[in-house]
Amino acid sequence: MATIPDSTKGSLTWKLTDRARARWPQIQHVTTRFRGNLAYVDAVLADGDTIKLCRLRYTGYASRWGFAIWRASHDDYQDSWLPNGTPSGTPEEALDTACGLYLGDPTAWTPPPTN
């Protein structure tokens, strides 16, 4: 199990915070907790409520993380697929996937028009 370097922890937190500011106005700030090779991502909403979003698994690269969605119905995390059809991707893709589900905006999963 590879431990997440401190520099990668910092860049992950920055990437998630930057994406939340750009795409998710409902989120006041993103919190990230680290344990071993895992990063747990929560969102603090404007009303002060905190919601669990997802768990990211460090793959050895700061730009590619395994993805597990928070399952409120089971009070756990389940390894999952991102909308791009893979079980890993960028932190931004993971955040968009989880927020699309928990903040009710499935447009997070549709690619922007190319024209």
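I'll start with Gly66, which touches Arg55, Leu56, Arg57, Thr59, Pro87 and Ser88, leaving out residues up to four places away in sequence. This is a predicted model, so please hear everything that follows as computed from that prediction. Gly66 is found in strand β4. Is Gly66 buried or exposed? With a relative accessibility of 14%, Gly66 counts as buried.

From there, go to Thr8. Gly66 and Thr8 are 58 residues apart in sequence, and their C-alpha atoms are 15 Å apart in space. Thr8 is found in helix α1. Thr8 is buried too, at a relative accessible area of 8%. Setting aside residues up to four places away in sequence, Thr8 touches Tyr58, Ala62 and Trp65.

In soluble globular proteins, nonpolar side chains tend to be buried together. Here the largest nonpolar core has 25 residues, and the members that touch the most others are Ile27, Val41, Leu53, Cys54, Leu56 and Leu95. Which elements supply at least two residues each to this core? They are α1 (6-23), β1 (27-35), β2 (38-45), β3 (50-61), β4 (64-71) and α2 (91-102).

Take Val41 as an example. Leaving aside neighbours within four places in sequence, Val41 is in contact with Leu16, Val30, Thr31, Lys52, Leu53, Cys54, Leu56 and Leu95. There is also a second, separate core of 5 residues, and Leu38, Tyr40, Trp70 and Tyr77 are among them.

That brings me to the aromatic residues. Tyr40, Trp70 and Tyr77 form one aromatic cluster. In the whole structure there are 3 aromatic pairs. One of these is Trp70 with Tyr77, with the ring centres 4.9 Å apart and 65° between the planes. Why is that pair called edge-to-face? Because the angle of 65° is over 60 degrees, the pair counts as edge-to-face. Trp70 is buried at a relative accessible area of 10%, and Tyr77 is buried at 16%. Elsewhere, Arg23 lies over the face of Trp24, 4.2 Å from the ring centre.

Next, helix α2. The helix has 12 residues and reaches 16 Å from its first C-alpha to its last, close to the 16 Å expected at 1.5 Å a residue. Which residues of α2 are buried? Pro91, Ala94, Leu95, Asp96, Thr97, Ala98, Cys99 and Gly100 are. What covers the buried residues of α2 includes the helix α1, the strands β1, β2, β3 and β4, and also β6 (88-89). Just after α2, Gly104 takes a positive phi of about 70°.

Last, the cysteines. A disulfide is a covalent bond between the sulfur atoms of two cysteines. How many disulfides does a search of the whole structure find? The search finds 0. Cys54 counts as buried at 1% relative accessibility, and Cys99 is buried at a relative accessible area of 0%. Cys54 was also on the list of core residues that touch the most other members, and Cys99 was among the buried residues of α2.

That is where I will stop.

Terms used:
Residues are numbered from 1 along each chain as its sequence is written. This is a predicted model: local features need pLDDT of at least 70, side-chain atom pairs count only at pLDDT 80 or more; totals for chains, interfaces and linings use all residues. Side-chain values use heavy atoms; hydrogens and water are left out. Rings of Phe, Tyr and Trp (its six-membered ring) pair if their centres lie within 6.5 Å; planes under 30 degrees apart count as stacked, over 60 as edge-to-face and the rest as tilted. Buried means under 20% relative accessible area, exposed over 50%, partly exposed in between (1.4 Å probe, protein chains only). A charge sits over a ring if NZ of Lys or CZ of Arg is within 6 Å of the ring centre and within 35 degrees of the ring normal. A nonpolar core is a set of buried Ala, Val, Leu, Ile, Met, Phe, Trp, Tyr and Cys residues joined through side-chain atoms within 4.5 Å. Helices (H or I, at least four residues) and strands (E, at least two) are DSSP runs, numbered from the N terminus. Contact means heavy atoms within 4.5 Å. The expected span of a helix is 1.5 Å times one less than its number of residues. A disulfide is a pair of cysteine sulfur atoms within 2.5 Å.
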